[in-house]
Amino acid sequence: MNRELNIQAGNGVSQKEKSDKWKSLLLNQNSILILFIVVLGVVVTIINPNFRNPRNIVNILQQISVLGIVSAGVAMLLISGNIDISVGSQISTIGVVMAMIVQKLGNIPLAVVAPILLGATIGVINGIVVVKSKVHSFIISLGFMVVYQGLALFLSHGTAYLMGGKLEFLGRGRIFGYLPVMVLVFFTVVALTHVILRYTKYGRILYAIGGNRTAAYVSGIRTERYIIIAYTVVGTLCGLAALILISQLGAAYPNTGTGYAMDTLAAVIVGGTLITGGKGSALGLLLGVVIFGMISNALNVLNVSAYLRDVVLGLIIISAVTIGRISTERQ
Amino acid sequence: MSKTPVLHIDKVNKAYPGVKALDAVDYDLYTGEVHGLVGENGAGKSTLIEILAGSIRPDSGDIVVDRDAFEHLDPGKSIELGIQTVHQENKLVEGLSVAENIFLYDLKTSNAGFFSLKDCVKETRVLMESLGIDIDPGRRVEQLTPVEKKIVSITKAFSRKARILILDEPTASLDEKGKDILFNVIKDFTKKDLSVIYISHNLGEVFEICNRVTVLKDGRKINTHKIEDIDVDSLIREMIGRSTSSFYHREQTSDTGREGDVYFEVSAYSREGVVRNVSFKVRRGEIFGLGGMVGSGRTELARMIFGLDQRDSGTLIYNGKEISADSPYEAIQNGIGLLTEDRADTGLVLDRPIYENISLVELGKKFLVMLDLPDERKQTGKISERLNIATPSLNQMVRNLSGGNQQKVVLAKWLFANTDIVIFDEPTIGIDVGAKSEIYNLMHELAEAGKILIMISSDTPELTSVSDRVGIMRAGELVKILEGEEITEENVLKHSIGSREKSRT
């Protein structure tokens, strides 16, 4: 047996790791994101002091709540190595169904429960099809994106259903007259995501599947089940997001959710979640969504044209991902 | 056969960290000759052919083609000199036609610069006629039989003026009839003054087709013989050489009758074309070795037992009861573990920490919602210490560990899961001697503790010294179980290559 040899090898690794430790902390993607948020905040505040007005900050949080809720589900799904680009259409369809229930049946409790259940059902269907078809999830969810978009148009006949002021508390209400209900829901979802990813068997296994699906399967993980659950979580959170969004808007249009698919993916990826799976965190997700909201708001505060907003956002996504990639390569 | 060598390899050396892959190897090849190259796994055959193909540079020595000496070749130069390799595995593009595959690197274009399938097909026809081959160039490769694919690969080699053809295990995917067709093609070629380097584990074939044969062992050339001057047994002896005396020796489990009632039985496992009617029993406290050449169906059998691959038939009996293992999850629930051969692809989540990798199987087994992180740390830490995994922290990503330590993490994972039956597929491949003996000691400990161990190994000394019994697989069948005094390297090799009988019937 050659114990000495191994111990020597161990020391070599240990010294290298020590010297790399603070370096890797500096290069950590989350640190970069926090730095970015601080710099952005300071710069915009200097140009327009209104930016750091508490009212504006609550405003930003309100603007990103729905995005954040959906992104949490998408982030966990991405960690497992799968993707869903149909979330926007899911929100549209669920929203139309919810507003129909309000307008046609007037059943408010049902209008609260139905979006969640419908979302979960959609998620189960998406998950089963992805797993059983063995086709890449991008393609399957592309198909479902079109299906749900069509469904939303079909159900609404292309027009809006009105909420008639029902459920306004969910979308516009504030707790203690200060913290919007939707922001509270957003924070709760992020906190739960953190707990799931860090402290549950389910979260741990998502990372393992995303990191190496075959190795996870060989280790006795029933990978298909976990992936179906991840899609169900996405669907359920789309239901929750639709509930809040439609309550806030006061009406459901067949295209309400358009744009959420790409926005969630962008926010989640900026937040350091690897699109190929196995990497990501709830903190990164929060930071990614906040950056998204801050930039929109800052451009607004700085009187930049709304059309230019997308150009800037797109460029920021590209730079964030490139920087993230370089920093992980250095590590 | 002329007397001038078309190729002469002069004292070629190649070293990798810790291994001398080639040690002053000489080899020559005459025009119109089939010169066999034999040796155990890892003898240096692949390194030698990679050097000829120009993808590896030797550290020293010369490669003389005709009268020109080269210190090294590169792929372009190698092709220019007329050296062509036909690899063991099929490297054709399945969706394209035979003609397109053959001229893939030099597609014919019309005057206007567009790709012309017609010209490709025409050229292929001319080429095939000159070689005496009859396959429709317009057919798509996916419609061909294995032997037709092999012949297309060879034809492809000749699309660029080949003079020296390297055939690496050309019959691996062929049946007896396919082999005969292929041998006829080879014999025709050599009449046209082409020279062939023939690499095969199957000594029967070597004696059938080769004019001379060279034996490599641990990177050294042992000897070159005219085929009529040597017999199979002498050749095998040269391939094994003297066994290294420093090698690990396990005390065989003293009392083989101990707890003899508890055993694991694999019964009638079959899958068409891969594994045929394999049955064996392993007692508690025993290490059952599985030998045979690469491709003999050992890994496939292990994967079928573990529920990772489909099987046509077969049952498992453990402790008197039939158990089912139709998926890894089920296998693990019923007490079977498998350490796969390719740890990076199927054994480890490289970008997750050590402790998460170690606890993965155990985690999958249990029903729970919340993790007990402090307990997990403590338990995985204990196992990591017991296996002497060299790392400053359990948080270290597995990717950053050495090969030996990565293998120990895989081992730790299955140790932690504590399955009664453990199958090891090439447990010490690519790891250093120190880690090797630690792994052997651990296997011995597990056997002593009453586990049932099955070990697949291509390392013959390892197989003979670690196992209590050794089953030998050949062409998908379990042809022999060696016990006690019969467990010698010579016997393992002899039964693996089937020198006494025809290997394919």
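Two strands pair if DSSP finds at least two bridges between them. Keep that rule at hand for this tour of a predicted model.

**Stop 1: a paired position**

Select Arg271(B) and Val275(B). Arg271(B) stands opposite Val275(B), which lies in S12(B). Now show the two strands whole. S11(B) and S12(B) are joined by six bridges, in the antiparallel sense.

**Stop 2: the four-stranded sheet**

The four strands make an open sheet in the order S12-S11-S14-S15 (chain B), with antiparallel pairing. Which strands are at the edges? They are strand S12 (275-283) and S15 of chain B, and each pairs on one side only. On average, neighbouring strands of this sheet are turned by 20° against each other, direction ignored.

Next, color helix H9 (residues 298-305) of chain B. Helix H9 packs on the sheet and touches S11, S12 and S14 of chain B. The direction of H9 makes about 115° with that of S11(B).

**Stop 3: across the sheet**

Select strand S11 (residues 263-271) and strand S14 (residues 313-318) of chain B. Five bridges join this antiparallel pair. Look for Ser267(B): Thr315(B) in S14(B) is opposite Ser267(B).

Step on to strand S15 (residues 321-323) of chain B. S14(B) and S15(B) run antiparallel, with three bridges between them. Here Ile317(B) stands opposite Glu322(B) in S15(B). How many residues lie between the strands of this hairpin? There are two residues between S14(B) and S15(B). In this hairpin, Asn319(B) takes a positive phi near 55°.

**Stop 4: the six-stranded sheet**

Show S6, S7, S8, S3, S9 and S10 of chain B. These six strands form an open sheet in the order S6-S7-S8-S3-S9-S10 (chain B), and the pairing is mixed. Why do strand S6 (83-86) and strand S10 (220-226) of chain B each have one side without a neighbour in the sheet? Both stand at the edges with a single partner strand, so one side of each is left without a neighbour. From one strand to the next, the twist averages 20°.

Zoom in on strand S3 (residues 34-38) and strand S8 (residues 195-199) of chain B. They pair in the parallel sense over four bridges. Pick His35(B), and you will find Ile197(B) in S8(B) opposite.

**Stop 5: the domains of chain B**

Color chain B by domain. The assignment gives domain 1 (5-240), domain 2 (252-335 + 420-435 + 447-499) and domain 3 (344-418). The centres of domain 2 and domain 3 of chain B, taken over C-alpha atoms, are 25 Å apart. Eight residues from domain 2 of chain B and nine residues from domain 3 of chain B take part in their contact. On the domain 2 side, helix H10 (residues 328-333) of chain B gives the largest share, three residues. By class, the domain 2 side that touches domain 3 of chain B has five nonpolar, two polar and one charged residue.

**Stop 6: where the chains meet**

Bring chain A into view. Contact between the chains involves 35 residues of chain B and 30 residues of chain A. Select H10, helix H11 (343-347), helix H12 (354-365) and helix H15 (433-448) of chain B: these are the elements giving two or more residues to the chain B side. Which element gives the most? H12(B) does, with six residues. The side of chain B that touches chain A holds 18 nonpolar, ten polar and seven charged residues.

Note on methods
Residues are numbered from 1 along each chain as its sequence is written. Chains are lettered from A and ligands numbered from 1 in the order in which they are written. This is a predicted model: local features need pLDDT of at least 70, side-chain atom pairs count only at pLDDT 80 or more; totals for chains, interfaces and linings use all residues. Domain bounds come from an automatic or database domain assignment. Two residues are in contact if their C-beta atoms, placed from the backbone, lie within 7 Å. Ala, Val, Leu, Ile, Met, Phe, Trp, Tyr, Cys and Pro count as nonpolar, Asp, Glu, Lys and Arg as charged, and the others, Gly among them, as polar. Axes are lines fitted to C-alpha atoms, for helices over the stretch in contact, and angles run from 0 to 180 degrees between N-to-C directions.
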